[in-house]
Protein chains: 2
Amino acid sequence: MSALPTPSSPDRSFDLPLWSHKRLAHVEQALSHWVGHGAPAGLGDAMRYAVLDGGKRLRPLLVLAAHEAVCGGKARATFDAAALRAACAVELIHAYSLVHDDMPCMDDDVLRRGKPTVHVRFGQAQALLAGDALQALAFELLTPDDGAIPAATQAALCRLLARAAGSGGMAGGQAIDLISVGAALTEDRLRQMHRLKTGALLQGSVLMGAICGHADPIADPTVYAALSDYGAAMGLAFQVVDDILDVVADSATLGKTAGKDAAAAKPTYVSLLGLDRAQAQAQELLEQAHAALARSGLPDARALAALADMLVRRSC
Amino acid sequence: MSALPTPSSPDRSFDLPLWSHKRLAHVEQALSHWVGHGAPAGLGDAMRYAVLDGGKRLRPLLVLAAHEAVCGGKARATFDAAALRAACAVELIHAYSLVHDDMPCMDDDVLRRGKPTVHVRFGQAQALLAGDALQALAFELLTPDDGAIPAATQAALCRLLARAAGSGGMAGGQAIDLISVGAALTEDRLRQMHRLKTGALLQGSVLMGAICGHADPIADPTVYAALSDYGAAMGLAFQVVDDILDVVADSATLGKTAGKDAAAAKPTYVSLLGLDRAQAQAQELLEQAHAALARSGLPDARALAALADMLVRRSC
């Protein structure tokens, strides 16, 4: 194995597409294995439709990248059971949130990843239940009874995921989003909304990966705090970029309806700050993420660094 | 303390209302303490409205009764932290399922416990999010990081709750319910639907109570299996009685719209078997529940026995 780069000299040659491709093969296989089987036919179909064959899988990649960063080379020989389950669990939470968010009583979106949304394809009732069942399945995946994952890890993963998904996280952010339509938000309030709505689960993904590598707040406070900062910066950056793309990209590229935020009079970073300042914010958050990785002292956080670059520079 | 009755001679003098009253005071206080605080205002209000000031709290009582049964007198001196959290968690899952079930795309019910349903009061979007957040909160309650509950207990509780709530449990049963409207179900299929839709969470409540008392499938297979059988019988009995009450009770007594099942052409035990045979089924399941308690060998399962009697003989 070649010498690892130091945190202060990130390896610009890191091949993120190759790294991701290998890992996503495991994640896709695992999701296909775990989602929807044993469920009543209509429900299982809706759950699988919501989860499989689509999505960038950013959250699973953050779990796996954080896990590998804290484990160093040791994590690579075999595919860690806890990290794979955590990667799938965060994706299930993300997928359920999209199903519910697309429903007529929320964003009323008919297109997602270039396909009809779940309620369009399966009906609203089945979409509602599929989302509910996906959330439960996320916690079921984190708590296998085969002895492969220590109970302390299972409990910590459930704790992180529940907090990231609930009223102090994703659902809370969506609620702020809901009552903010047409409202004049301050930048602080907008940031709070974004931090909860999207940031909490992205940050949670990073921390769940760390936990799978047994880096916890007690044993490794420096690493854990740095990864938490990285996750917070990335979470906010992701939403800022999302707001930018909603303005500058077209529906075909996004795989969803572009320009929805403006049409719905939703406050966004772009509507509040203008495009230039929003882009500067995204760049600043990216730098914060890299600085946090440097602070972590982890010898090889290349995948996390590359994911941060990709998240901010993506075009869809 | 007076001599405990043997399982074969249940103590008919057991004061269930008094027993319940004392425990529910703790549960109500805990729910009020835990639900909706720290959430954005609208969401927190909807969550609290969905959970507080209403409901029979059958599931929390089953958790606490099972916990006390496996602990004997030892559980009574202090209020066990794990059991209280588990009791609240199962109620949150139940409450969220009602919020979503009442929505226009599901049962479209406007009355619940004599009050406007959550979506009538707060709007559909907020109701959807409140349900989602309540499910996450259930798992958050089970995984405190204060060291009060062993990690193995936390993991086992999350496992049981996730299975009871998901596509192999409550959500799965609701999906079968959904596709069964107007269909001619066999008794087996109806039983499967009921076992999942209502039975899984009631049985899960009993088993979570057992786990809180450290009676698990490995350490106490006899006790665990017997309580599992008790929970299964009670779960099914509860739904059979629900079907009966939908026919024989009026809306004012039920606190919800009576006669909905027949109006919606939903298959029920009564529509399938007729009232007399449905009542006989409920009685038979009650006897199965008592037989399971006798098999458990637990010296004092009076609360569980009394809850079984009450669940079958209730009028609302």
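Guide: A salt bridge here is a side-chain nitrogen of Lys or Arg within 4 Å of a carboxyl oxygen of Asp or Glu. The structure above is a predicted model, in which local features need pLDDT of at least 70 and side-chain atom pairs count only at pLDDT 80 or more, whereas totals for chains, interfaces and linings use all residues. Residues are numbered from 1 along each chain as its sequence is written, chains are lettered from A and ligands numbered from 1 in the order in which they are written, and side-chain values use heavy atoms, with hydrogens and water left out.

Visitor: What makes D145(B) and R163(A) a salt bridge?

Guide: The closest N and O atoms of D145(B) and R163(A) are 3.3 Å apart, which is within the limit, so the pair qualifies. Between chain A and chain B the count is two salt bridges, while over all chains the rule gives 26.

Visitor: How do you know whether D309(A) and R313(A) are buried or exposed?

Guide: D309(A) has a relative accessibility of 13% and so counts as buried, while R313(A), with a relative accessible area of 55%, is exposed. Their salt bridge has its closest N and O atoms 4.0 Å apart, and both residues lie in helix α15 (residues 302-313) of chain A, four residues apart, about one turn of the helix.

Visitor: What makes helix α8 of chain B "mostly covered"?

Guide: Nine of the 11 residues of this helix (170-180) are buried, including M170(B), Q174(B), I176(B) and S180(B). The cover over these buried residues includes α2 and α6 (124-141) of chain A, together with α4 (81-101), α7 (151-165) and α9 of chain B. Just after α8(B), G182(B) takes a positive phi of about 80°.

Visitor: Why is T117(B) called buried, and which residues is T117(B) in contact with?

Guide: T117(B) is buried because its relative accessible area is 2%. Contact means heavy atoms within 4.5 Å, and, leaving aside neighbours within four places in sequence, T117(B) has contacts that include Y49(B), D102(B) and R112(B). T117(B) lies in the loop between β2 (115-116) and α5 (118-122) of chain B.

Visitor: How do you know that chain A and chain B touch, and how much area do they bury?

Guide: By the contact rule, 41 residues of chain A are in contact with 41 residues of chain B. Buried area is the accessible area (1.4 Å probe) that two parts lose on being put together, summed over both, and for these two chains the value is about 3600 Å², 69% of it on carbon and sulfur atoms.

Terms used
Helices (H or I, at least four residues) and strands (E, at least two) are DSSP runs, numbered from the N terminus. Buried means under 20% relative accessible area, exposed over 50%, partly exposed in between (1.4 Å probe, protein chains only).
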